[in-house]
Amino acid sequence: MFFTQKRLKLYLIALLALQLCTLVTGIPIITRRYIDLRAFYTAGHMLRTGQADDLYIYPTEQHFQSTLVSPDPRALPFMPPPFAALPFVPLSLLSFWPAWFIVAAVNILLLLACIALLKPFLTALSARWKLAPALLVLSFLPAAIALLMGQLSILLLLVYSACFVCLRRGRNLTAGLILALALIKFQIALPVALLFLLWRQWRVLAGFLAGSAFLTALSIYIVSPAAFLAYLHSLYSMTTTITADRATQLHFAILPHQMPNLYGLLFTLTRGAALSHILILAASIALFAWTTLQRPSLPLALCTAMLVSYHLFFYDLTLLLLPLALLADHLLRNPTSTHNYRLLITQISLATLLISALLRFLIAADTTFLLALPILALTLASTWWPTLHGAPQPAPLADPALHLTPAA
């Protein structure tokens with residue numbers, strides 16, 4: 001195997017060094033305060049001060065963000081459902097910078113919780129080097145961007161990781177309830193839930209529907225029925241913003257060429273032509289249909305859902321840590337001397353998504369939509385996705401650097 005223990009250490013330490021560089025070079029970005037936390041922070045303030053009914057009114061959002069965070073003619077729209085603003089209510093008692101530091105600290109703790117949850121399923125990585133699972137997670141560039149922006153993607157990674165663990169342990173109803181929390185970004189959660197429906201995973205679906213009903217009722221209670229309808233209308237407005245001219249996209253900070261999914265890829269390559277919508281719909285349906293024919297797997301469902309999502313940004317790729325870590329562990333556990341084209345595509349796609357320097361180049365070139373290609377290739381080419389049930393595999397007994405048993 002290429003990744004001996006020594007090489008793996010050097011590789012992961014280099015990735016972690018690049019990650020630290022990203023955090024340092026991102027300081028000027030956060031000092032301008034035009035980061036996603038301004039939307040969450042303002043939403044918490046509006047809930048706390050009894051102005052929840054105006055939570056999704058763009059001019060009101062712009063007014064409060066300029067007043068509470070920093071002056072700017074634009075607003076970062078608050079797009080999650082109302083219940084997602086609740087954790088930011090107590091934070092709104094603080095000024096913006098203390099709130100940012102608390103959110104950053106919490107996000108780091110959430111990443112550590114994800115590592116603890118997934119470590120029993122990453123025994124081959126741990127066998128190579130005990131710190132490998134932790135460094136793989138901590139050195140993933142989208143997670144660093146989510147940390148800088150004060151985004152909710154790391155929380156969602158914990159939600160999907162906990163859901164995965166529950167599924168593997170046969171706690172399907174609990175897994176469904178946990179999955180409902182992922183409605184914070186419903187554009188990803190709903191395709192996942194639909195795949196579970198088509199896979200006939202009834203207990204998971206029952207838990208998801210029960211959790212969704214509670215969170216919907218809570219959201220309506222928080223903002224009133226009329227404001228909730230305004231929220232649904234705002235989602236439609238944001239959808240039309242994606243197809244608008246570049247100036248409007250910049251005004252609302254919704255940019256298709258920065259979306260690493262099928263929407264961003266095809267919309268950008270066709271320059272927003274009318275044909276792009278047909279291509280996006282056809283590609284999404286085809287991928288969705290292909291996925292339903294595979295064995296039920298949450299990591300596979302997550303990859304598909306991210307690709308067919310109508311709205312996805314670079315920091316949302318933090319969720320890929322679940323499937324990427326599991327695939328990396330599988331490849332280390334099952335080396336093979338037969339390198340067919342599907343294995344080669346899987347390895348190249350996996351490496352592309354884990355190499356921070358390449359991801360940084362795509363960000364600098366403003367071409368992150370191209371990341372949809374390795375995600376799609378990884379989804380279609382991989383011959384192994386962990387199924388819904390089954391205990392973690394034990395660590396290899398032999399010297400993992402030299403004697404891993406080849407796959408049958």
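Is tyrosine 160 buried or exposed? In this predicted model, tyrosine 160 is buried, with a relative accessible area of 1%, below the 20% under which a residue counts as buried. The residue belongs to helix α10, which spans residues 153-168. Leaving aside residues up to four places away in sequence, tyrosine 160 touches Leu179, Ala182, Ile188, Ala189, Val192, Leu298, Leu302, Leu319 and Leu322.

In one of them, the ring centres of phenylalanine 121 and phenylalanine 164 are 5.2 Å apart and the planes lie at 65°, so the arrangement is edge-to-face. This pair links distant parts of the chain, 43 residues apart: phenylalanine 121 is in the loop between α6 and α7, and phenylalanine 164 is in helix α10. Both phenylalanine 121 and phenylalanine 164 are buried. Phenylalanine 196 and tryptophan 199 also form an edge-to-face pair, with ring centres 6.0 Å apart and planes at 90°. Phenylalanine 196 is buried at a relative accessible area of 1%, and tryptophan 199 is buried at 8%. Elsewhere, ring pairs join Phe40, Tyr56, Phe78, Phe88, Phe228 and Tyr231 into a cluster.

Helices α6 (residues 96-118) and α9 (residues 141-149) have axes that come within 8 Å and cross at roughly 150°; the two helices are therefore roughly antiparallel. Trp100, Ala104, Asn107, Ile108 and Leu111 of α6 meet Ala143, Ala146, Leu147 and Leu148 of α9. By class, this contact comprises eight nonpolar residues, one polar residue and no charged residues.

Conventions
Residues numbered from 1 in each chain as written. Predicted model: local features only at pLDDT ≥ 70, side-chain atom pairs only at ≥ 80, totals over all residues. Heavy atoms only, no water. Axes fitted to C-alpha atoms, helices over the stretch in contact; angles between N-to-C directions. Helix = DSSP H or I, 4+ residues; strand = E, 2+ residues; numbered from the N terminus. Parallel < 35°, antiparallel > 145°, perpendicular 65-115°, else oblique. Contact = heavy atoms within 4.5 Å. Nonpolar A, V, L, I, M, F, W, Y, C, P; charged D, E, K, R; others polar. Buried < 20%, exposed > 50% of the residue type's maximum accessible area, 1.4 Å probe, protein only. Phe/Tyr/Trp six-rings, centres within 6.5 Å; stacked < 30°, edge-to-face > 60°.
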